[in-house]
Amino acid sequence: MLYVVLFFLAISLLLYVILAGADFGAGIVELFSSDQNQQITKKTVYRVMGPVWEANHIWIIIILVILWVGFPEFYNVLVLYLHIPITLVLLGITLRGVAFVFRHYDAFKDKSQILYDWMFRISSFVTPIFLGMTFGAMLSGHIIIPEHIESQSFYNLFIAPWFNGFSVFVGLFFAALCAFLASILLIGEASDEERPIYVRKSRIATVTVIIMGFLVLCFSYLYDIRFLSNFVKNPYALTLVAISALLIFPLLRSIKLARKITTRTFTGVQVVLILIAALIAQYPNLIITSDASINILKTAAPDKVINVLGISLIVGGCIILPGLYHLFRSFKMIKIFER
Amino acid sequence: MDNLDAARLQMAFTLIFHIVFACIGMVMPFFMVVAHKKWLNTKNPIYLTLTKSWQKGVAIFFVTGAVSGTALSFELGLLWPEFMKHAGPIIGMPFSLEGAAFFVEAIALGFYLYGWNRLPKKFHWFTGIIVGIAGVASGILVVSANGWMNAPSGFDYVNGEFLNIDPIKALFNPGWFTQALHMTLAAFTATGFAVAGVHAFQVYKKKHKELHMKAFKIALTFGALAAILQPISGDISAKDIAKRQPVKLAAMEAHYHTQKGAPLYIGGIVDNENQTVSYKIEIPKALSFLAFGDFDAEVKGLNDFPEDVRPKNIALVHYAFQIMVGIGSLLLIVGLLFFISFKKQIWWQKKWFWILFAVLAPTGFIALEAGWIVTEVGRQPWIIHNIMKTKDAVTPMPGMVYSFYMYIVLYTVLTVAVTWLMTRQIKFLNNSKTV
Ligand code: HDD
Ligand code: HEM
Ligand code: HEM
């Protein structure tokens, strides 16, 4: 049952990164567009994301619940030492969520739209950076777990773990990844005249992701981050990354031809591969602290709890996944009819 | 302000904010589907306008509820890591089921909001019902988690360790049913009166009267029904508390000295130092009766509990309880009045009728917040009743005050923004005379 729970945890994480990631990315694409394109993007984003965006963001709640129910001590370390970046992520999620709704449901469309738009774009950009920094912090090896909290300074305990070069680059990498996902998604959704905009954007985003990924690696090498050596030593992780790197070529070609479905599939596969590689390289030591690592399996709750959690996840999954599939399908199906 | 106080205030403040949006987001879909059904049946376009405008309200409230709820689920861990480390696995059941309920709700809402003219009519309407049912389910589940904190069960507590965890027993803890029943009714009462009040005010101002009258009737039918049932459920809660958390009961009544045939105090000013309540109205033997159904039963006073298990702020608990019960009684009467008004339709022509309901708009929510203050402050100093103290659960990270200030600013701005948006919705509605 433990593995069922871990499976759901991994799936939720992947889906959150892809679905919410594309959603954050849409705001980033909007932020880095010319005025006119901004309005076009705004409309397309609303049409595409509107029905599903709320559901996309629930994955993080599922992740959270699985962690605190199933792996309480693991969760405890996260919320204790990464309190600040998590709070910043929450601030971003809040501002972004309300801005998204306000700008579409405000009864009058007047100057206040400008405010909502900027709130939406900026928080779309900043939130994934902090989210990425939080992930980075788990692997950067700066978390200190002291015997007595008083023995360390505030900076060392609560700031250094996430405010360091490695984490910052992971944050930027994640933001670039989001923009990449979004622009690919938009290629498929935009009308024919607008499609070239997103083809151009996807190319820029692809290059940015590659540069950022490279910088993350450079940084881990220079500062001897343990994540890198684990990564390099793990043949599965390396294979996965290699496959995903090779996929870039057909992807770029497919972007050039403005193909919808293949582009999307390549992108999805690529991102999933990179994420799985990063997870596999560390698994099961998913947090690296300054002098040890935390094995997620060892922090698991008692069997009875895990069993009940696993069963609830399976039952919940059976209800939700078909519903979700239907939701996604319905609104895409409709588009085909409209054409 | 020390760290513990800041964390407690932050928790309280964010919950007080979330509950308003969550309640509206959970109850308004019911109003919306009734209006929608009436449109389907009568084809009266006013109902369509109403449904669409309530739908916008639902969307705005839903999202504000959802983001503040997301913040809350993190906060449980961020503020009370020790609590979550031990309690997380035990009360995982309600929270994981709640996650499922949120999902169902979000999916159904996606269908509902974007399904106009795209989905089959009946199915579209039905997805609105699912939104409401899933919302109520998530409310019940989270309150069950709170019930567990008041009435912990489903584990053995041996030498500071939680052994033999039984998540299902924890879900159905002794507190869950009374609390969930009372809370669900409260949500309907509060939202019903608030929405009806807003529309009553528009009727009073003679703006688009036909529409606002219809809206008023739908909302208040729910609100008044719930308000009539509320005192019964409150009485069940009080009897429950008398058994399970006698300290809380004593604090609610500012009842300092153990007494047989204890009187019930209405109002009064609490002097905690001298342990007296002045300027009160005293109803002899009523407290004994309310708590135990027996006029001569003995009610234990605060003095007979050790100092360190008594809530500190007796006065707050007492006043909050008075406010809740006072408003509860008032809304019961007004609720009955509303049903009588169907026989005496002449009242609907009178100004006082509409002013009355406009003035009552906020009272349901005031009672609801007051009730939570009774429950939560009355539970102090325990975070898990008789097991773990709040001060042992708080995060060791210093500087919680800043986080508290941040939330104050953020949520104050959001409150203002949402209120402003709602006034704009109404303005828009009043201008849409055409339909
Ligand atoms: C519209 C709101 C509202 C109204 C009119 C009332 N209540 Fe209430 N009450 C609540 C809203 C509420 C609440 C906010 O929902 C609470 C907090 C925890 C809970 O489960 O419900 C609550 C808690 C609560 C508790 C404590 C339960 C606990 O700690 O577990 C008692 C004893 C009562 N109520 C009793 C009453 C009585 C005798 C009322 C008589 C009219 C009454 N309430 C009206
Ligand atoms: C929405 C309605 C609620 C309101 C208005 C509310 C209010 C409060 C208040 C005033 C406090 C501070 C108590 C004090 O410091 O004296 C508090 C604390 C707390 N509440 Fe609630 N509460 C609500 C519902 C819940 C629910 C549903 C849960 C759990 C699932 C919960 C969990 C907590 C926790 C963990 C604390 C901090 C520890 C403590 O002070 O006991 N609350 N809440
Ligand atoms: C008495 C207290 C509470 C009640 C009645 C309540 C009820 C609800 C309801 C009905 C919703 C659905 C949103 C909507 O329809 O607007 C909601 C949202 C949410 N609540 Fe609460 N809640 C309470 C306290 C809490 C607490 C203590 C937590 C944290 C553990 C929490 C976490 C959430 C989350 C994460 C969401 C967002 C779900 C989404 O994305 O749709 N709630 N709440």
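In this predicted model, ligand 1 is surrounded by 21 residues, the closest of which are His182(B), Lys248(B), Met324(B), Leu368(B) and Thr375(B). Sorted by class, the shell around ligand 1 holds 11 nonpolar, nine polar and one charged residues.

Ligand 3 has another setting, for it lies between chains A and B. Its shell counts 29 residues, with Glu54(A), His18(B), Gly69(B), Glu105(B) and Trp372(B) as the closest. An N or O atom in the side chain of His18(B) is 3.0 Å from a nitrogen atom of ligand 3, and an N or O atom in the side chain of Glu105(B) is 2.7 Å from an oxygen atom of the ligand. Gly25(B) takes part through its backbone, a polar atom of which is 3.3 Å from an oxygen atom of ligand 3. Two or more residues of this shell come from each of H3 of chain A and, in chain B, helix H1 (3-42), helix H2 (45-79), helix H4 (92-114) and helix H5 (121-150). H2(B) supplies the largest share, nine residues. By class, the shell around ligand 3 is made up of 18 nonpolar, nine polar and two charged residues.

| Ligand atom | Residue and atom | Distance |
|---|---|---|
| Ligand 3, nitrogen | His18(B), side-chain N or O atom | 3.0 Å |
| Ligand 3, oxygen | Gly25(B), polar backbone atom | 3.3 Å |
| Ligand 3, oxygen | Glu105(B), side-chain N or O atom | 2.7 Å |

How much area do chain A and chain B bury between them? The value is about 5,600 Å², of which 80% is on carbon and sulfur atoms. In chain A, the residues that lose the most area to chain B are Trp68(A), His83(A) and Tyr105(A), which together account for 13% of what that side buries. The contact draws 61 residues from chain A and 59 residues from chain B. Across this interface the rule finds zero salt bridges, and one residue pair is found in polar contact, with both residues at pLDDT 80 or more. On the side of chain A that touches chain B, at least two residues come from each of helix H3 (53-70), helix H4 (72-81), helix H5 (83-105), helix H6 (112-140), helix H7 (154-159) and helix H14 (303-338). H14(A) gives the most to that side, with 15 residues. By class, the side of chain A that touches chain B comprises 44 nonpolar, 11 polar and six charged residues.

Over all chains the count of salt bridges comes to nine. In one of them, the side chains of Arg121(A) and Glu30(A) meet at 2.8 Å, N to O. Because Arg121(A) lies in helix H6 of chain A and Glu30(A) in helix H1 (residues 2-31) of chain A, this pair ties together parts that are 91 residues apart in sequence. Arg121(A) counts as buried at 2% relative accessibility, and Glu30(A) counts as buried at 0%. Arg103(A) forms a salt bridge with Asp117(A), whose closest N and O atoms are 2.8 Å apart. Arg103(A) lies in helix H5 of chain A and Asp117(A) in helix H6 of chain A, so this pair ties together parts that are 14 residues apart in sequence. Both Arg103(A) and Asp117(A) are buried. Glu30(A), Arg103(A), Asp117(A) and Arg121(A) are linked in a network of salt bridges.

In chain B, the side chains of Lys239(B) and Asp235(B) meet in a salt bridge at 3.1 Å, N to O. These two residues both lie in helix H8 of chain B, four residues apart, about one turn of the helix. Lys239(B) is partly exposed, with a relative accessible area of 27%, and Asp235(B) counts as partly exposed at 28% relative accessibility.

Technical notes. Residues are numbered from 1 along each chain as its sequence is written. Chains are lettered from A and ligands numbered from 1 in the order in which they are written. This is a predicted model: local features need pLDDT of at least 70, side-chain atom pairs count only at pLDDT 80 or more; totals for chains, interfaces and linings use all residues. Side-chain values use heavy atoms; hydrogens and water are left out. Contact means heavy atoms within 4.5 Å. Buried area is the accessible area (1.4 Å probe) that two parts lose on being put together, summed over both. A salt bridge is a side-chain nitrogen of Lys or Arg within 4 Å of a carboxyl oxygen of Asp or Glu. A polar contact is a pair of N or O atoms within 3.5 Å; within protein, one must be able to donate a hydrogen and the other to accept it, and residues adjacent in sequence count only if both atoms are side-chain atoms. Ala, Val, Leu, Ile, Met, Phe, Trp, Tyr, Cys and Pro count as nonpolar, Asp, Glu, Lys and Arg as charged, and the others, Gly among them, as polar. A residue is near a molecule or strand if one of its heavy atoms lies within 4 Å of it. Buried means under 20% relative accessible area, exposed over 50%, partly exposed in between (1.4 Å probe, protein chains only).
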